[in-house]
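Look over the chain below before reading on.

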Amino acid sequence: MKKLPAILMTAALVLSMAACGSKPAETKAPAAESSAAESTGETAAAADEEEITCDMLVWSPSEDQSADYGNWLQTQCEAFAAEHPNWHITFSYGVSAEGEVAKLIAQDVDAAADVFMMTNDQLTDLLPAKAVARIGGETEAWVKENNSQTMVDSLTVDGALYGIPFTSNTWYMYYDKSVFSEDDIKCLDTMLEKGVVSFPLTNSWYLASFYVGNGCTFFEDGYNAEAGIDFSGDKASAVTDYLVDLRDNKNFVVDVDGSGIAGLRDGSISAMFSGSWDYENVKGALGDNMGVAQLPTYTLNGEQKQMYSFAGSKAMAVSSSTEYPQVAVALAKYLGSAEAQKSHYETRNIIPCNEELLQDPVFAEDALVKAQNDTVANTSIIQPFISPMANYWTPTDNFGKSLRNGEVTHDNAAEATEAWNTNMNTSVVE
């Protein structure tokens, strides 16, 4: 997630699967742009029949390596090794948040993990650094066959695929079913008549949802850098006017520093917006009254406008510097497989994205899984991952704070919105 705090450390524990030799320096994997990387998926099966002795360094968030969550990563790697008896692998593990992995790799591309987890927007930095391998051949075909077009698109740049998705990454709505009916939750303004709604107005990952619903765009289709971010004119200022009224509504609360969860616990709030990472907290607060759904509409000048969240993916990726690409690609595919996704959900509530797995009644009837995948399919846009998107975050955080603080009013809404739009289209803000 763009706005989640990072957990960033270096490698920790080692697990030996068999006696292994060192990596030969002369067997260097192709760089990300090399066509040789495309063949790794096709050669994996043949290479499996050969004797290979190697080391594999794998990075993941700390939770995936924790006994509290079933040592998910170590368990999956052990199972992978058991399926490949001719590959004598020594696994070592390092810790990195998916949304911060590019910073760690930038320190030394050659020392990066062979396989690592990333959010798709990390490609913005990984590709210029030539630090991530293209996924090709049979593995690429397998990814496209087993995932939605949104998931595939989220990892595709200039027609090349750079990861194996294991979950979608977005946010949606949690609500108290004792307060709101299934009809109520279709429209935010209806909800505000019946209960208190919390929304992270000062968080740039969320704020755009209102503006996109009224025709504002990011780089036209998300990829045209020259088109810029278009939050200009009446289509944007009208939304700002709406948000001024929303801010002043007695049944609206700005969600900051966990206040939404706290409000659900004490009953002062009946709905909030977040993602799967808050599921346990929300379930603990609402119990059987917990509802979860895709985003509602809101009423702008008498018309219903759909809110749209950013959507992306989290994926298994392969380093361009791995010296055993056939093993690394096969391992990444295994860690992104349906069985691994099922285990990930059972241990950490990581929502699967494998299309076949989602047809299983266990997942098809799960409210949380349904809400996340409905949101990705119906009420989201792919979060752009081209470099000018860096201009968006800080100006938008600041604009949200100005809204919250009452500095943006009906009288200056148009002027303030145009200034914000200009800031998003000038220079990169660190």
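This is a predicted model: local features need pLDDT of at least 70, side-chain atom pairs count only at pLDDT 80 or more; totals for chains, interfaces and linings use all residues.

Residues are numbered from 1 along each chain as its sequence is written, and side-chain values use heavy atoms, with hydrogens and water left out.

**The whole chain**

The chain has 19 helices and 18 strands. Helices (H or I, at least four residues) and strands (E, at least two) are DSSP runs, numbered from the N terminus. Of the 430 residues, 57% are buried. Buried means under 20% relative accessible area, exposed means over 50%, and partly exposed lies in between (1.4 Å probe, protein chains only). The accessible surface of the chain is about 17,400 Å², and carbon and sulfur atoms hold 46% of this surface. Such areas come from the Shrake-Rupley method with a 1.4 Å probe; for residues, only the protein chains shown count as cover. A contact means heavy atoms within 4.5 Å. Among contacts in the chain with a separation of 6 or more, 78% are between residues 24 or more positions apart.

Two strands pair if DSSP finds at least two bridges between them.

| Pair | Direction | Bridges |
|---|---|---|
| β2 and β3 | parallel | nine bridges |
| β2 and β4 | parallel | two bridges |
| β4 and β17 | antiparallel | five bridges |

Valine 58 has tyrosine 93 as its bridge partner in β3, and stands opposite valine 115 in β4. Threonine 119 is bridged to lysine 314 in β17. In β3, seven of the nine residues are buried. In β4, five of five are buried. In a regular strand the side chains alternate between the two faces of the sheet. In β4, Val115, Met117 and Thr119 point one way, and Phe116 and Met118 point the other way.

**Helix α2**

From β2 the chain passes through α2 to β3, and this β-α-β crossover is right-handed. That term applies if, with the strands pointing away from the viewer, the path from the first strand over the helix to the second runs clockwise. The buried residues of α2 include Trp72, Leu73, Cys77 and Phe80. The buried residues of this helix pack against several elements, among them β2 (52-60), β3 (87-95) and β4 (115-119).

**The cores**

A nonpolar core is a set of buried Ala, Val, Leu, Ile, Met, Phe, Trp, Tyr and Cys residues joined through side-chain atoms within 4.5 Å. The largest one has 71 residues, and Phe210, Phe218 and Leu243 are among those with the most contacts inside it. A second, separate core of 57 residues includes Val152, Leu155, Ala315 and Tyr334.

**Aspartate 288**

Is aspartate 288 buried or exposed? Aspartate 288 has a relative accessible area of 70%, so this residue is exposed. Its place is the loop between α12 (279-286) and β14 (290-293). Not counting residues up to four places away in sequence, aspartate 288 touches Lys177 and Lys283. Aspartate 176 is 112 residues away along the chain, yet the C-alpha atoms of aspartate 176 and aspartate 288 are 9.1 Å apart.
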